[in-house]
Amino acid sequence: GILWKNIRAEYVTIALVTVNVITYLVLEWLGDTTNGFFMAEHGAMYPDFIRINHEWWRIITAGFLHFGAVHLVNNMVILYCMGSRLERVTGHLKYFLIYLVSLIGAGLLSYGMMLRTGDYAVSAGASGAIFGVIGGFLWIVILHRGRFEQITTRGIMMMIVLTIYYGFSSAGIDNWGHIGGLLAGFAATVITETVKNIDFVSKNLYTESSMFHKATDGTKRRL
């Protein structure tokens, strides 16, 4: 009953978590997921692989790889907690689109900033896409006048600022990936929710227009 209802409401988030966990288990069985060379060989993002070999698919595959169990667990807990909420609000297809756009946005900004600064590193993890989910939920909270499901605009902004601050004050964190995902996810949610509102308004206008024509048709027949 309740379990099946929750699964149906959150199946994209559950599927994303499952894919990440299975990918980690397979790679951990094959080798060492904390080893940068091993991860680069199996789909992590490294600028030269894209710049020289044009392996753009790494922008996506890197988002499903994790450096060790702690990295995986931390990301999956946040993904499920925030992703399931966003999925229930936006719907499955739009949520998946927001997640994918966030993942790509995170990878592209990370790649671009590595080229700009020359600070190359092997990059992987779902955190960029997760930041996009958080950015998307920020827009949902804003749409609901600053509070939605006990989450406020101030609360979610504090979480974003503190997390980014922690990233910039720590070593080995792909901060530009986080920022890229956050911006992409926020923008994607603004667009998808705006389209939904436009559809809603257009349906109302169509309904009112139909009623008007029926009324005028009736008036003409009576005359």
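In what order do the elements of the protein chain run from the N terminus on, and what does Gly43 touch?

Analyst: This is a predicted model, in which local features need pLDDT of at least 70 and side-chain atom pairs count only at pLDDT 80 or more, while totals for chains, interfaces and linings use all residues. Residues are numbered from 1 along each chain as its sequence is written, and side-chain values use heavy atoms, with hydrogens and water left out.

From the N terminus on, the order of elements is α-α-α-α-α-α-α-α-β-β-α-α, with ten helices and two strands in the protein chain; helices (H or I, at least four residues) and strands (E, at least two) are DSSP runs, numbered from the N terminus. Of the 223 residues, 39% count as buried, where buried means under 20% relative accessible area, exposed over 50%, and partly exposed in between (1.4 Å probe, protein chains only).

Turning to the part in question, Gly43 lies in the loop between helix 3 (36-41) and helix 4 (47-51), and Gly43 counts as buried because its relative accessibility is 2%. Leaving aside residues up to four places away in sequence, Gly43 touches Trp57, Arg58, Thr61, Ala62 and Leu65, a contact being heavy atoms within 4.5 Å. The C-alpha atoms of Gly43 and Ile59 are separated by 8.8 Å, the two residues being 16 residues apart along the chain. For the protein chain, residues 24 or more positions apart account for 75% of the contacts with a separation of 6 or more.
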